[in-house]
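Q: Hi, I'm new to this one. Could you walk me through its aromatic side chains?

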Amino acid sequence: INENEIRMQSRFTKRTVNGVLAHILISTEKAYPMLLKKAKLSKPMPSFFGTKLGHYFSYKYSEHVAKKLNKKKLLLEYDIAHHKLEKLIHTIEENQWTLNTTLPKPNNRRLTILEIFTFQIPGHFKTHSDEIKKTIDFNS
């Protein structure tokens, strides 16, 4: 992704490509650790994240973060967040992989810790990587 592409408006959301990348960073930094924490406690995720206001703040916050980070800094921050998430995986005990949490509405889906790492995270990354690819391909 070059500097012109990173500033492109997504074809699918109100974010820029950099905003989508910042959203993935924020998810890796904050949302996935929170999913793990809630699952270990067998508690649901806060319902605020499933509201229109929650989605609005998600968009605004990811664009705010994106404006502060150039591509190099974003990649560095992502590497740090990913490393911390990897370290959290090592805190999961064998008997905890089946503990679960519930995603907020409208999903309202129950996820075990195993599903968080084998379904939720890969699916979320694929959705947004497809969004970025289609945006860049469309504008090329």
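Q: Which ring does R15 lie over, and at what distance from the ring centre?
A: R15 lies over the face of Y59, 4.3 Å from the ring centre. For a charge to sit over a ring, NZ of Lys or CZ of Arg must be within 6 Å of the ring centre and within 35 degrees of the ring normal. This is a predicted model, where local features need pLDDT of at least 70, side-chain atom pairs count only at pLDDT 80 or more, and totals for chains, interfaces and linings use all residues. Residues are numbered from 1 along each chain as its sequence is written, and side-chain values use heavy atoms, leaving out hydrogens and water.

Q: And what sits over F138?
A: The charged end of R11, 4.0 Å from the centre of the F138 ring.

Q: Switching to ring pairs: how many aromatic pairs are there?
A: Six. Rings of Phe, Tyr and Trp (its six-membered ring) pair if their centres lie within 6.5 Å; planes under 30 degrees apart are stacked, over 60 edge-to-face and the rest tilted.

Q: What kind of pair do W97 and F117 make?
A: Edge-to-face, because their planes are at 75°, with the centres 6.4 Å apart.

Q: Are those two buried or partly exposed?
A: F117 is buried, with a relative accessible area of 17%, while W97 counts as partly exposed at 22%. Buried means under 20%, exposed over 50% and partly exposed in between (1.4 Å probe, protein chains only).

Q: Which residues do ring pairs link into a cluster?
A: F48, F49, Y56 and F57. As for F57, its relative accessibility is 44%, so it counts as partly exposed.
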